[in-house]
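Have the structure open while you read.

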Amino acid sequence: MISRCPFQPPPFCGSVIETHFSSVSLLTVYESWDSFKVNDVLEVYGILSVDPVLSIVNNEERESSALDPMECMDTAEEQRVHSPPASLVPRIHVILAQKLQHINPLLPACLNEEESKTFVSNFMSELSPVRAELLGFLTHALLGDSLAAEYLILHLISTVYARRDVLPLGKFTVNLSGCPRNSIFTEHIYRIIQQLVPASYRLQMTIENMNHSRFIPHKDYTANRLVSGVLQLASNTSLVVDETQLEQGQLDTTGVHNVTALGNLITWQKVDYDFNYHQMEFPCNINVLITSEGRSLLPSDCQVHLQPQIIPPNMEEYMNSLLTAVLPSVLNKFRIYLSLLRLLDYSISDEVTKAVEDDFVEMRKNDPESITADDLHRTLLVARFLSLSAGQTTLSRERWLRAKQLEALRKARLQQQKCVNGNEL
């Protein structure tokens, strides 16, 4: 089994063994191999082998099998791909492999153990000041826009917690519109997110990338292997789509397929792998943030229009100073905060459910066009992540009212921008 990392390791995640090898290795699994799924992140203990004799043995096996065609039906291309030189692709003979609950090295591997519960309890006791510091940090990163910073926090702790038929519950794709057409700003926003989450990927949505990149994995039948695509990402990866890079041009067939695949990932949290004769759906759990000038061409769960309160004379210098000003210990608290809150359970009591339903009916009575079922669903999502961001695992009346307030501010801002532009964002 060839394991490939589709993105560079995050700055705060170090590998257990630092080697000069590439991110590709050949793993030999001797038991329970059928329990592993595509894009699972595994912790592997095994024996690392870079012995060049392996390549010689493989060559001898090929020569001997060539005498009897029935012993080896593999093509030369398939043999070459499956048995590369050990000096280039090291072998790992797996002794133990286990799926990780998360990939943040600052958190205990298993949060259900007694020692881990103490760690969680201690951190939760200082959650409020950590959230306040993170909100201030992101507010400065978003040029003084505290509302956008609030929604960015909610986005970063969102995760798909269940699926109802084909509908993924818990996804919260945010479209941050109003971004300056300046690659420096969006690039640095990604750099900041990259410092906060364990896994991230930046997709520059240019015509060239859309037309020439392969977004979905496809089966290479000649080499008998699955060739990875841009959207083959590990669970809980933060995908930042930079739409400010989009220029005038025409999408070809590949570009249209790529945009469709990206839309399916956002809407259904799935990627359709291409097996030439058919496609196979693979569910995923990817946090997608779209940065754009106007309203994104892609679907999203929530559009937040950026309203900068400060315009730095030197954007590069301003954004660089943000990261250098944050102490490493504070940055680690931000990282723990975002990873830990994703793993918390959440529920709504019958009493609060009834109060929310009554509130929705009352709002519909006063102004039927002011709120739809989609608005209710989005407000419930905002309330969910708002509660979790404060360390609360149940919805309170206070958090519900705060969610309604945030949504009202967000909608008012969009309406204001619509009036300024004279058309819909």
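## Cysteines

Cys179 is buried, with a relative accessible area of 3%, while Cys110 is partly exposed at 29%. Here buried means under 20% relative accessible area, exposed over 50%, and partly exposed in between, using a 1.4 Å probe and protein chains only. The structure holds 0 disulfides, a disulfide being a pair of cysteine sulfur atoms within 2.5 Å.

Keep in mind that this is a predicted model: local features need pLDDT of at least 70, side-chain atom pairs count only at pLDDT 80 or more, and totals for chains, interfaces and linings use all residues. Residues are numbered from 1 along each chain as its sequence is written, and side-chain values use heavy atoms, with hydrogens and water left out.

## The chain overall

The chain has 13 helices and 15 strands; these are DSSP runs numbered from the N terminus, helices being H or I with at least four residues and strands E with at least two. Of its 425 residues, 44% count as buried.

Take the contacts (heavy atoms within 4.5 Å) with a separation of 6 or more: 76% of them come from residues 24 or more positions apart.

## The parallel sheet

An open sheet is built from 5 strands in the order S8-S11-S14-S7-S15, with parallel pairing; two strands pair if DSSP finds at least two bridges between them. S8 (200–204) and S15 (302–305) sit at the edges with a single partner strand each, so one side of each has no neighbour in the sheet. On average, neighbouring strands here are turned by 20° against each other, direction ignored.

Inside that order, S7 (residues 174–177) and S14 (residues 287–291) run parallel and are joined by 3 bridges. Leu176 has Thr291 in S14 as its bridge partner. Helix H8 (residues 253–268) lies across S8, S11 (238–242) and S14, running at about 125° to S14. For such angles, axes are lines fitted to C-alpha atoms, for helices over the stretch in contact, and the angles run from 0 to 180 degrees between N-to-C directions.

How many residues of S12 (residues 270–274) are buried? The count is 5 of 5. In a regular strand the side chains alternate between the two faces of the sheet. In S12, Lys270, Asp272 and Asp274 lie on one side, Val271 and Tyr273 on the other, and all are buried.

S12 runs antiparallel to S13 (residues 279–283), joined by 5 bridges, and Asp272 stands opposite Glu281. The two strands form a hairpin with 4 residues between them, where Asn276 in the turn has a positive phi of about 65°.
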